[in-house]
Amino acid sequence: MGLHLRISAATLRVLDALLEHPAQWRHGYSMSQQTEIPSGTLYPILMRLEKLAWLETRWEQAEKSGRPPRHLYRLTGPGRAMAVEELRDARVKRMWKPIYSGV
Amino acid sequence: MSDIQILAGHKVAAWLARGAARVWPEETRHWGLAIEAELSDINSPSASVFWALGGVMLLTRAWWNHLLHSWMRPAGVPEGSPLEQLTKNASRVPRTPRFVTAILLLVSSAALLIPDVRDGMRASFDAWHEPSAEAFDDSTAIAPLRKQVNLNHDPQAMALLALLSNDKTERIRLANGAVQRDPSLTWIYSEVRTTDGVNSFWRNPLPAEWLDKLQKWDPDNAVPRLLVAQQSLIQFEDGWERSGYRGLYNLESKKFLEADPKWLAAMDFAFRAPKYDAYGSKRFDLYRTVVQRYGFRDSRMALYGFGDSPVGLGILMQSPFFPLTSVMIYDDVLLDRGDAAERAGNLREAERLYREPAQFSDIMAQQSHTDFERGIWVRLEGISLRRLIPLLAKTGHAEEVSQLNYKLEGLQTSVSPPGPLRYWAWSENGWEGFAIRMLTAAILLFGAASLVSLGALFLRRRAELQSRGAGLALASLVIDYCPILLVISCAGLFVAYRPIALMYHQYMSWPFPIYDFRPLYHALYTPYESPEGVSGIFYEYFNAPHYWMVLIVGLTLLAVYILFRRTLRGRVAVS
């Protein structure tokens, strides 16, 4: 059984937010604030996207001493293409209207 | 919100997130750390607590996924380790998925909870041990009965323990107590051993008070009189032993007893008694009642007691057949007297004397439960008829002669009952008994090997393939195959012991008195039997001490081998 992405409204919102500035690395909390999705829902989506290789992650370099490095996320090349397709498909089916990405 | 509340909120959130990250499954821990790291960017204390709570929710999910996936991996192979890639191909890593191993071990454990399987195993353990009277008295079979007796002072439980206990004082005390509480149990006086030691079964002197009570309680029965006669025989045997066994037993005992008026009177009464009841049915009813009342499930108890070894004739077969020695001697006395009367021409008296043993054997045949008794009455009647028939032919009783000839013919064919009733032929069920014992050994072996291997693999689960020595390779092999062999052994034992257990349950639940225990005795004795030829080898070389010796030697060799390998490896690394 292969991995697949369950396209929920929350997932579409996360993809939409990630597509707003696709080249930019994002923090989890800022995405949570933007999409108004709590951490308990946001992170499972990020984990699934990473497993599907739609999302790339890295740890940031600590800017301030005493502050732990944070985890950063952005869509991969194929991830962007797939995300755009999913959002378009959702818009056609009137399931979703993009807010940030303008897809 | 005060500064203290803000600080407390942040502290709670940090504590939650840090704790979650610490216990996060290894393979996804970076997500837990990611959630924790975000807290530094959250200013609101309530938001930081909610953020951390989201992390705790995610933690439960991560653990669930971790457990779910871990069942697909073989035991002792951590997720994401290099070993995981090798599990399908490398024989030095276990290959059976963890859930299959777990199911097999669970099925085996469940099988071991089935009372019949446990019964079969207990019987096998008993069969391995050298018989000793002390061993069975403290065993799990008798201990629960003793507990109930001490708790309830139930006369029937007391009576049963009086028959089974290995403690002479306890036996006598319980017998008196039981009869005092319930006089219908007076019959147990006929069977309670009053002495200890190797001869307690053969020579069981009964107090005169017990014999009096027994005769008054059951005045028409031949057995109490036979027990009175037995006391004279014990006197003779003690003297004969002291004399260094001088003379032939048969001749000396006959001479001694013929001169004892007490013995002659008791035997005369016994041979004319209207009934013969050695209380076999009462004994089994007592056993059945007590076992059902207190829910004892250990069928071995039926084979215990009244002997000098843990497993003997037991409750089923412990009829007082030794008093029957007196029967054989008195038969000789009567026939001698008959011969003398016949020679003297007193044919009527000779006929009366020849008929007497035949009449006694007819009475005895009505309530004989064991083959020992059967053997006695068949022999008694045969000898008697062989004397009586020529005498009756001489006196012109042709019709009766014909009837008695027919009876004699019947006796000769009934001496050896065929098939499963031949419990005397110990090797009849030998292979089945051997299989039961071997399956029990297999369960112990495969069960122990599985657990040891699991432990070894768990402790060395991080070891790379290159550093996995022969020990871990062996553990991998064992955990791949032993659980299935364990299940097969459990199923085999269940199938092999089931017919025995079924027969036991049927006997225990039969609502009427039972007079023939031979099939049950034969069945329960099966685990103790061995096939002809194998028995000697088995008991000589494969008893419990030998198993231990083999195990200890094997483990020592393994330890030496492992130490040797380690030392060698250390030297190679240094050089």
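In chain A, β1(A) and β3(A) run antiparallel and are joined by 2 bridges. Strands here are DSSP runs of E, at least two residues long, and helices are runs of H or I of at least four residues, both numbered from the N terminus. One link is between R26(A) and Y73(A), its bridge partner in β3(A). Two strands pair if DSSP finds at least two bridges between them.

This is a predicted model, in which local features need pLDDT of at least 70 and side-chain atom pairs count only at pLDDT 80 or more, while totals for chains, interfaces and linings use all residues. Residues are numbered from 1 along each chain as its sequence is written, chains are lettered from A and ligands numbered from 1 in the order in which they are written, and side-chain values use heavy atoms, with hydrogens and water left out.

The sheet in chain A is open. Its 3 strands follow the order β1-β3-β2, with antiparallel pairing. β1 (26-27) and β2 of chain A are at the edges with a single partner strand each, so one side of each has no neighbour in the sheet.

Now the interface. Contact (heavy atoms within 4.5 Å) involves 21 residues from chain A and 18 residues from chain B. The two chains bury about 1,700 Å² between them, and 68% of that is on carbon and sulfur atoms. Buried area is the accessible area (1.4 Å probe) that two parts lose on being put together, summed over both. On the chain A side, Y29(A), Y43(A) and M47(A) lose the most area to chain B, together 36% of what that side buries.

The rule finds 2 salt bridges across the interface. A salt bridge is a side-chain nitrogen of Lys or Arg within 4 Å of a carboxyl oxygen of Asp or Glu. One of them joins R70(A) and E38(B), at 2.9 Å from N to O.

| Element of chain A | Residues |
|---|---|
| α2 | 28-35 |
| α3 | 39-51 |
| β2 | 55-59 |
| β3 | 71-75 |

The largest share, 9 residues, comes from α3(A).

Over residues 306-311 of chain B, pLDDT is below 50. Where pLDDT is low, the predicted coordinates should not be read in detail.

Key: pLDDT is the predictor's confidence in each residue, from 0 to 100.
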